[in-house]
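Have the structure open while you read.

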Amino acid sequence: MICQSLPRVRNLLSKGMTEREQVMAFAEDLEKLVYRYRDEFDITVASLVGVLECAKYEVLLSAGGDDDEFEIEFE
């Protein structure tokens, strides 16, 4: 599935997607993925949200390097 969408993504990027267009494409793909897993698997909403929270945490941690976009404070 990912391999099938790569040419489409490369094509869109080569045309110069705006940041808003990129965000919308990501949101649409994420929504499709979430609903696919809810339809195809016996996964609870709590489990799905937990996985998304872990992914969010990983993204935030990886952004803590040289990127000044996020300032993360842990208590």
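## How the helices cross

Helix 2 and helix 3 cross in a right-handed way (the near helix is turned clockwise from the far one by less than a right angle). Helices here are DSSP runs of H or I, at least four residues, numbered from the N terminus; axes are lines fitted to C-alpha atoms over the stretch in contact, with angles from 0 to 180 degrees between N-to-C directions.

On the helix 2 side, Leu 30, Val 34, Tyr 37 and Arg 38 make the contact, meeting Val 45, Leu 48 and Leu 52 of helix 3 (heavy atoms within 4.5 Å).

## Salt bridges

The count comes to 2 salt bridges, each a side-chain nitrogen of Lys or Arg within 4 Å of a carboxyl oxygen of Asp or Glu. In helix 2, Glu 40 and Arg 36 sit 4 residues apart, about one helical turn, and their side chains meet at 3.5 Å, N to O. Glu 40 is exposed at 54% relative accessible area, while Arg 36 is partly exposed at 29% (buried is under 20%, exposed over 50%, partly exposed in between, with a 1.4 Å probe and protein chains only).

Helix 3 holds Lys 56 and Glu 53, 3 residues apart, bridged at 3.1 Å, N to O. Lys 56 is partly exposed at 43%, and so is Glu 53 at 40%.

## About the model

This is a predicted model: local features need pLDDT of at least 70, side-chain atom pairs count only at pLDDT 80 or more, and totals for chains, interfaces and linings use all residues. Residues are numbered from 1 along each chain as its sequence is written, and side-chain values use heavy atoms, leaving out hydrogens and water.

Terms used: Helices (H or I, at least four residues) and strands (E, at least two) are DSSP runs, numbered from the N terminus.
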